[in-house]
Amino acid sequence: MLAVDGLEVAYGDLQVVWGISFEVPEDSIVAILGPNGAGKTTTLLALMGLLPVTGGTVTFGGDPLLGLQTHKVVERGVVMVPEERATFASLTVEENLELGAFTRRARSAVDETKSEVYEIFPFLAERPTQRAATLSGGERQMLAIGKALMARPRLLILDEPSLGLAPIVVENTFRVISTIREKGVAVLMVEQHVEKTLDLADHAYILEMGRIVADGPGSRLATDSRVRDAYLGL
Amino acid sequence: MSRLILQSAVSGLLVGGMYGLVALGLALAFGVLKVLNVAHGELLMLGGYAAFFAFTLWGLDPIVSIPLVFVGLSLFGVILYFTLFRHVTRLALGPRIKNSLLLSFGLVLVLQALAVRLFTGDERTISTAYSSDAITIGWLRVPVVRLAGLAVAVVAALLLEWVLTRTRFGLALRATSEDWTRAALTGVNVGWVYLTAFAISAGLAAVAGSLIGLGYSVSPSIGLGWTLKALIVVVLAGLGSMRGIIVAGLFLGLTESLAGVWLGGEYREIAALVLFLVVLSIRPEGFFGSAHA
Amino acid sequence: MPRNWPAVVTGLAVLVLAVGIGLGSDNQHLLTIAIQTMTLAALASSWNILGGFAGQISLGHAVFFGLGAQTTRELWLGGQPLAVSVVAALLVTAVFAAVVGVPMLRFRDIYFTIGTLALGVAIFLTVGNVRPRLTSLTAEALREYDFSGPYFVTLGVLAVTVAISAWLKNSKLGLGMMAVRDDEEAAGATGVNPLGHKMAAFVASAVLAALAGASFAYFTASYYPSFAFSVVWTFEAILVVFIGGMGTITGPLIGSVFFVVGRDALPSSIQEFQVVVFGLLFILVVLLLPGGLLEGAQRLIRRRLKQGKRSSSNEGTTKSKGKELV
C-alpha cells in the first residue's frame, strides 16, 4: 500500500535520512524501531509533507505521495498521530473529533465514523464537552488516535504511541492498534518500546543513524542477536 | 468637575469601542498567522478613505457602505498576503514575528506616502445628515455617530465569536492558532486558513476606519497611532475571546480619557504608553503564549 | 599603525574631501545634500550601536533624535549659545534614555522592539499636541543664513559619531555588547552583564542620535517640532543600516550616501514617491535578510554545489571540504 524507496531527508545542510526503503502492505502493522535521533520522526514528517524531501520516491496505493501539501496527504487517507500534543488542548473532546473529520471525504461520514470511534473508545462518549487539556495522558492519547480515525485513514501513522504512558495504558493502546488493523486500516508505527512492538507488528525495520540496518517479521527480529545487542531491554 | 469626568468617561468608552474593533483584526492576524502587522492602522486609514469617497462621490452612507469597504479591503489584504506575508509564514515563530514586524514597518511608510500623494494630507471627516446629532441625557452628550461606532464594534465582535465557535471554518482557525502543524496533520489547509484570516483582519481594520471617518477623522498619518492602541488592547486582553477584546478596548479608552482629565489632554498618549509597558511586563504570555499551557 | 589602516586612510581622505567641499563650494544644493547625508549617516551610526553591536532592534529611535533637536532648538532660539544648547540636549537625552531604558531593556527581543515602537509613537503624538506650531529662524537669521556653519557642525557630529563607534567596536565594552547580541544567555554565563551592556548601548545610541538631532535643529530653517520625532527618521536610519551592513562602521555611511544621492538622483516625477520607492526597497531587504528567503536560497545553492561535487569526484575530499567552508 505504502511503498517508500530511497527516501532522503535533510534539515538544511544536515542530512538525516540516507536513502531508506520500506513498505506497508494493506491490513498490516509495520514498525520502525530505533534509538533517539535515528531519523524516525523525520521520516514520518517527510511522508506527511511537513519536511522537504531531497531524494527518493513514495507511493501510496500506486500514486505518488511526495510533494503533496499536508492536508492533501491526509485527504488521500494517510493520517499521522504525532508524538506529543496530538490533540488541541483548547478544544473539547467533541470538537477535537469533529476537527479530525475535517477533510471532505471524512466529513461525509462523520456520524458513522464517530460512533465507530466511540465503540473503540467508550470513555470518549461519556465526556464530549470536556476540554482536552484536562484529560489524563492516556486519555489524551486515546483521543488523539480517535481523532485520527475520524479522518477515515487507510494508513494510520503513529509516532511513539507509548511515550510517557503507564504500562497498562500501553497494553491498552496496542490492543486498540490491533483492533484498528482488523478494521482494515494499515498501521505504520515508530516506537522505542521494542519488545511489545515486535509482538504486535507483522514486520519491523530497525533504523539507525538514518539508515535501515535490519528488517524482518516481528517474531524473527525478536530473536535476532543484533537487535538484542542494540537494545538491552529485550 | 464631576461633569467633566463623566463626559470624559463617556467619550472614553465610545473611543474604546473603536480601540476594540481595531484590535479584533490585529488579534485575528496575530493569533492565526503569528504575524505582527503594524501596517494594520494603514489598512484602517485606507478603509476610512474608501468610506469617505463612497460617501462624497456616490452618496453612500458610511454605515451602509460597511460591507463594501470590508470586501474591498479584504481583497487588498489578499494581495498583501500573497505578495508579502506569505513568505514570512514559511519561517519559524521567532523570525516570523520579527520579520513580519519589520516588513509591515516598511509597508507603513509605503502606504502612508501613497495616501499623502493620492488624498493630500488634509484631515477628512464624513459629514452625514446626522453627524451633529447627539443623544442627550441631561447635560451628557453622546454623539450618535460615535455610538453607532460602538454598536458596530460590539456586533462585529459577537459575529466573529460566533464564527469562531460555531462554524467549521472557525474551528479550523482556532486549531491553526493553537498549532499549525497539528492543524495541517488534521487535514486543515493551513495556507487557505492563513489567507482568509488575513483578509478578514484587513476587512475589519477597514470597517473600523470607516467608522472612525464618520465619528472622528482620517488623514494619511493616523495609522500608527491606532495600531498602537490595538496592540495595547491585544496585550491587555491576552489572546482569548473576541468579547474580551472589546472589553479591554473599553478599559483602555476609559483609562486614557480619565488620565487625560488628570494630566491634561495632550498627555493622553503617555498614559496609554505607561499602561502598555506595565501590562507588557506583567503578563507577556498574554500576548504570545496561549491562555492555556 | 592600526590593523585596518586602509580603512582609516580612506576615512581621512573622505574627511579631507568633505572639508574641501565645505570650504570651497557655493552650490547650495550640493551642500544641502551633503548635510542631509551626514545627518542621516550619524543617526544611522547611532542606531547601529544599539542594533548592530548590541543586537537590540529599536523602532523608536526618532525619539532621541527629536529630543536632541527640540532641546537644542528651544534653547538656541531662546538665546543660549549653540554649544550650551547642544550640551544641554545631550544631557537631557542621556537622562531620558537612562530612565526609559530601565523598563524597556527588561524586555527581550520582539517585546523590546514593540515597546520602542510604542514609545516612539506616543512621544511623537504628544509632541504634536504640546508643540503644534512651526519653529522658524527669525527673518534676520534667514537673510544671513550661511551654509558653512551647519555644514561643519554636521561634519563634526558625524566625525565624532564615527570615532566613538569605531572606538566602541574595538573596545572591551563593544565586545561585551556583541557577545550579548549573539547569545544573551551564554554571555551572561561568561560573566558579561547583559543588562549593563544593553543599557550602555542604549544610552550611547540615544546620545549620539540626539547629537545628530542637534545638528538637524541647527541646520533646518523651519519645521514642525514633531517632524524631528517622526517615524520616517527611524525608518531611514534602519534602511540605510540594512543596506550598508549591520554591525559595521562603514555600513551606515555607505548606505546613507547611496540613499540620499539615490533619492536626489531620482527623476522628479518619481521623487514625489521617494518614500514609496524606499519603502518598497526596505520591504525587499527584509524579505532577503538572513533568516529569511536569502538564507534559504543560499543553502539551496550550497547543497546543489555539494551534491555536484560528491558525484563528480571521489578523490580529494580535503580539497572539496575546504571549498565547502564558504
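Where does C:Ile33 sit, in which helix of chain C? I looked it up: C:Ile33 belongs to helix α2 of chain C, residues 28–53. A reminder to myself before going on: this is a predicted model.

**Entry 1: C:Ile33 and chain C**

I find 16 other C-beta atoms within 10 Å of C:Ile33. Buried would need 20 or more and exposed 12 or fewer, so C:Ile33 is put down as partly exposed.

Then I asked what C:Ile33 touches once residues up to four places away in sequence are left out. I get C:Val260 and C:Asp264. I also noted C:Val257, which is 224 residues from C:Ile33 in sequence, yet the two C-alpha atoms are 9.4 Å apart in space.

For the chain as a whole, I counted 16 helices and two strands in chain C. Chain C has 326 residues, and 42% of them count as buried. I also looked at contacts in chain C with a separation of 6 or more: 78% of them join residues 24 or more positions apart.

**Entry 2: α9 of chain B**

I moved to chain B and picked helix α9, residues 223–237.

Is α9(B) mostly covered or mostly open? Covered: I have 14 of its 15 residues as buried. Just past the end of α9(B), I noticed that B:Gly238 has a positive phi of about 70°.

Which helix did I find packed against α9(B)? I found α11(B), residues 268–282, with the axes 10 Å apart and an angle of about 35°. I recorded the crossing of α9(B) and α11(B) as left-handed. From α9(B), the contact uses B:Lys229, B:Ile232, B:Val235 and B:Leu236. From α11(B) come B:Ala272, B:Leu275, B:Phe276, B:Val279 and B:Leu280. Sorted by class, that contact has eight nonpolar residues, one charged and no polar.

**Entry 3: what chain B touches**

I looked at chain B against chain C. I get 34 residues of chain B in contact with 34 residues of chain C. On the chain B side, α3 (66–88), α4 (93–119), α9 and α11 each supply at least two residues. So much for the list; which helix gives the largest share of that side? α4(B) does, with 15 residues. By class I have 25 nonpolar, five polar and four charged residues on the side of chain B that touches chain C.

Then chain A against chain B: 22 residues of chain A are in contact with 15 residues of chain B. On the chain A side, α2 (70–76) and α3 (93–100) each give at least two residues. I sorted that side of chain A into 13 nonpolar, five polar and four charged residues.

**Entry 4: strands of chain A**

I started from β1(A), residues 2–11, and followed its partners. β1(A) pairs with β4(A), residues 53–60, in the antiparallel sense over six bridges. In that pairing, I see A:Val9 opposite A:Val53 of β4(A). β1(A) is also joined to β2(A), residues 14–24, by eight bridges, again running antiparallel. There I see A:Leu7 opposite A:Ile20 of β2(A). The hairpin of β1(A) and β2(A) has two residues between the strands, and A:Gly12 takes a positive phi near 60° in it.

My other stop in chain A was an open sheet of six strands with mixed pairing, in the order β6-β7-β8-β3-β9-β10. I marked β6 (78–81) and β10 (211–217) as the edge strands, since each pairs on one side only. Direction ignored, neighbouring strands of this sheet are turned by 15° against each other on average.

Inside the sheet, β3(A), residues 29–33, and β9(A), residues 203–208, run parallel and are joined by four bridges. I have A:Leu33 opposite A:Ile206 of β9(A).

Key:
Residues numbered from 1 in each chain as written. Chains lettered and ligands numbered in written order. Predicted model: local features only at pLDDT ≥ 70, side-chain atom pairs only at ≥ 80, totals over all residues. Axes fitted to C-alpha atoms, helices over the stretch in contact; angles between N-to-C directions. Left-handed = near helix turned anticlockwise from the far one by under 90°. Contact = placed C-beta atoms within 7 Å. Nonpolar A, V, L, I, M, F, W, Y, C, P; charged D, E, K, R; others polar. Pairing = 2+ DSSP bridges.
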